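Subject: The structure, and what turned up in it

Hi there,

Here is the structure I promised to pass on. Could you have it open while you read the notes below?

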Amino acid sequence: MKATAPWVRTRLRTAPGPAVALLLLVLVTSFLAAAFPGAVAAYESRGLRHEVSATTPDGSVIQLSSDPWQDVDGAREKIFNALEARRLTENYQQILAALPKSLRVDTGQSAYGARTLKPVEATDAWLPELNGGRPVFTLSAQTAVAEHSTLASGRLPRATAGSVDLATGTVEAAVTSATARALRIKAGSTVHVPRADGAPLAVRVTGIVEPLRPRQSYWSVEPVLRTPTFLHTPDQPPLPYWHGALLLAPEAAPVLLSMGPEAYWRVAPDPAGMDSADLPRIRQTIASLEQGPLLSTLRTEVAPQLEVSTGLDDVLIEFDGIRAAINPVVAVAAFGVGSVVGVVLLMTGGLAASRRHSELSLLRSRGGSVRGIAGRLLAEVAVPVPAGAALGCALALVVVPEGRTLPALLASAAVALFACATLPLRAAFLHRRPRLHSDRDDLVRARPSRRRTVAELTLLVLAVAAVTALRRRGTSDGDADALISAAPVLVGVIAALLLVRLFPLPLRLAALPMARRRGAVGFLSLARAGRSSSATTVLPLLALLVALTTVAFGGSVLSGVADARDRASLAAVGADARIDAPQGLPDKLAGTVRKMAGVSDVAPVYREFDLDLRDGRLDRVTLLAVDPDSYARLAGRTGFGPFRATELRKSAGVLPALASPAVAERLRGGTTEIGEAGAPFSVRVDMVRTTTPAATDGDFLVVDAAGLPGRHPASTLLISGPSVAGADLESAARAAGSATVKLRSAERDRFTTSPVQSGAERIYAVAAAAGAGYAVLALVLSLLQTSAERTAMLARLRTMGLTRRQGRRLLVLENLPQALLAAVGGALVGWAAILLLAPGIDLDRLALAGHAASLGRVQLRVDPVSLLLPALGVVAIASAVAAAQAWVITRRTTTTELRVGDTR
């Protein structure tokens, strides 16, 4: 019986190198593809949790309330039962059971009970009384006080079920330590408050408690429960009086029926359990709970007039807006890298098909069918590709555990399918007809077919449509589809096809003077560059152009974000640091700060709010009295309303002034007397600026401090010096009294607190790095595809007298035209893509996370480093790879490379 060796096993044993290389390439590609959706989901989920956690408790808690007098019809006993602790607990359990699982509840910080709707005034004379009158108290019978506090003195209030009713004269309560200190309450004190009918209710304080985690929802939805506050009378001017809380036992809640009570349930969401994938369901739940079927269900089960209020929907809407504005920008990077990856995989299949051209041609000439050859090739690549894709997917799930499994599996499967299809389809296309010898496909002689022209025109139409749509619709509202996100890629594709068509012209022009020179190396290098196949030129050039465009686009995005944050933080502070004191700063403080390490300049400023312009209008204007020299230097450095110091210095009786446009219009350009009646001064607006360092917002008027009547000590120091130490400034501010320090670096950090921002920036950085890496790989593959032919050519030339040094120069110069084409074309395409797409790219949410800043719209700007450095890197890497290849080739013997019958 005749044995036949299996095709796949034989191929893998005889040529394991290409299989291992393909496995590694697919592994890396599968890892990036599987990690991308997981990374996006991870930073979105962290951003959602951050937004909910950063919101004040009263802005995120779902508050449900009902008035027992309105909700219960019938006898007094039913109304009384509505505030019983057992009934409130049952209602709380019904509310939790009605909420869907997508809205996870933090039961540890949720609370329920009963309280008085309006504070009641205490009648005891021993309580501290402010100018506004006697203290008032909110009586609250909230559950689980013992679990959320520690006992400082006394004991917790007690009451048994059914022992308290409307007629009860005395109940027990506890107060927090802050309330006890402010209102001089001790364990054993009795506070008397009136009922609705005027009868007094005695509340005996049995204990003082210290809240645990006082900033969390249990204590902070109604802050007066832990800390007394000031209320004010409606008089003019308003007068303050104390507002505190008395914490009753839950079983004592029925006594509140005589004071206008409400039953409440405060459901705190659990940010740790929130996932961005659940966001639509959470928003739907909130809408249903506020005005929908869920509210109807709860009104049936809990109370007919149940009211629901929450600020959680506003938090979710704001987060959804940030995510929707950032995602299209991230999608641009994903499309760019994905396109480069696709081209590299195509080049990998093309390289394998080119290396095995003779073998496959022989099989085809001896009766092998296209389907059979493609099937054998598919069986070969089906061994390393699925293994690499599975390993990459598993690695991605380990590195990004927050990601969801299904998107990662689908991404890895798409990579595996594409990688498996490239070699069989490429080989089937090349060998669809048996050919003894293939025709020349020189770049300078090739004539594009009609099909290629139609395909290129179709891509051109798509690119124009994508750029137009992006410029018109933009990305600020998140309404961006795949065509818009692929706009930079389409621009790169059109540029690559255009450059391939134009490339022969400069080659012909450069070859003319080279043909007249005595040396052969220059002419041969240009001739060899022109003899390269158009098929082997398009894909590498396409990969390099798309990669360079993606890197330039990503670098410009990151540079624009960093620049916007720098400008926004500078606008918020006015300098690198500032010290403010409402009552004025000591005169010696400016000299002390000037001597600190890292401080280059200090500009003292006197600020007066509500400057009277004597025009009868109430619009607020800020007076800024400055030292002209130091303030002019600061304005020049920051770019906020620069001017010359001599233009502000007083030379006669009238003060020259720099004003905002609104103030200049009110003063109408002439000499005007302004200021208080006791200290008026005359000003003349000589300069109009929209911004100035000392005023972050609003209208302003800047004058020379030396020209103002009276003494005006500086209330603000604007400090320049990027390396100024905040600790030194804090120490100086404490010595000056009630002064505050504001650092530009700290202000800038506020713009990067959102995980959505930092996650999107990391993805952009990884996308730029991955695009550069795959571009280098495309460059190497393009050189490897013609290495055999180049090696044989160099061996023949060496038999004709070409030296090793000339051979190395020849190989380097042969690759230089294509590298220069890719570098120059990539830089130009990246620059053009940024200019074309900048009007449609809004980086405001990515840069500032929705923080207000007087910078206008943050747009994409060209970053020269991201534009030129990768282009120069392409030339350097191409030259280095060609030089290394030439060094290896020239060290081989000629007889090794030249064999009888070799067609290379």
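Arg323 and Glu44 form a salt bridge, with their closest N and O atoms 3.6 Å apart (a salt bridge being a side-chain nitrogen of Lys or Arg within 4 Å of a carboxyl oxygen of Asp or Glu). The two partners are 279 residues apart, Arg323 in helix α11 and Glu44 in helix α2. Helices here are DSSP runs of H or I with at least four residues, strands are E runs of at least two, and both are numbered from the N terminus. Arg323 counts as buried because its relative accessibility is 15%, and Glu44 is buried too, at 7%. Buried means under 20% relative accessible area, exposed over 50%, and partly exposed in between, with a 1.4 Å probe and protein chains only. Glu44 and Arg323 also belong to a salt-bridge network with Arg283 and Asp320.

Before going on, please note that this is a predicted model: local features need pLDDT of at least 70 and side-chain atom pairs pLDDT 80 or more, while totals for chains, interfaces and linings use all residues. Residues are numbered from 1 along each chain as its sequence is written, and side-chain values use heavy atoms, leaving out hydrogens and water.

Back to those two helices: α2 (residues 16-54) packs against α11 (residues 312-355) at an angle of about 170°, the axes being 9 Å apart. Axes are lines fitted to C-alpha atoms over the stretch in contact, and angles between N-to-C directions run from 0 to 180 degrees. That angle makes α2 roughly antiparallel to α11 (under 35 degrees is roughly parallel, over 145 roughly antiparallel, 65 to 115 roughly perpendicular, the rest oblique).

The structure has 25 salt bridges, and two others may interest you:

- Glu222 and Arg115 meet at 3.1 Å, N to O. Glu222 sits in the loop between α8 (217-220) and β9 (229-232), and Arg115 in strand β2 (residues 111-116), 107 residues apart. Glu222 is buried at 10% relative accessibility, and Arg115 is buried at 16%.
- Arg565 and Glu761 meet at 2.4 Å, N to O. Arg565 is in helix α21 (residues 535-573) and Glu761 in helix α27 (residues 755-785), so the pair ties together parts 196 residues apart in sequence. Arg565 is buried, with a relative accessible area of 3%.

Happy to talk it over whenever you like.

Best wishes
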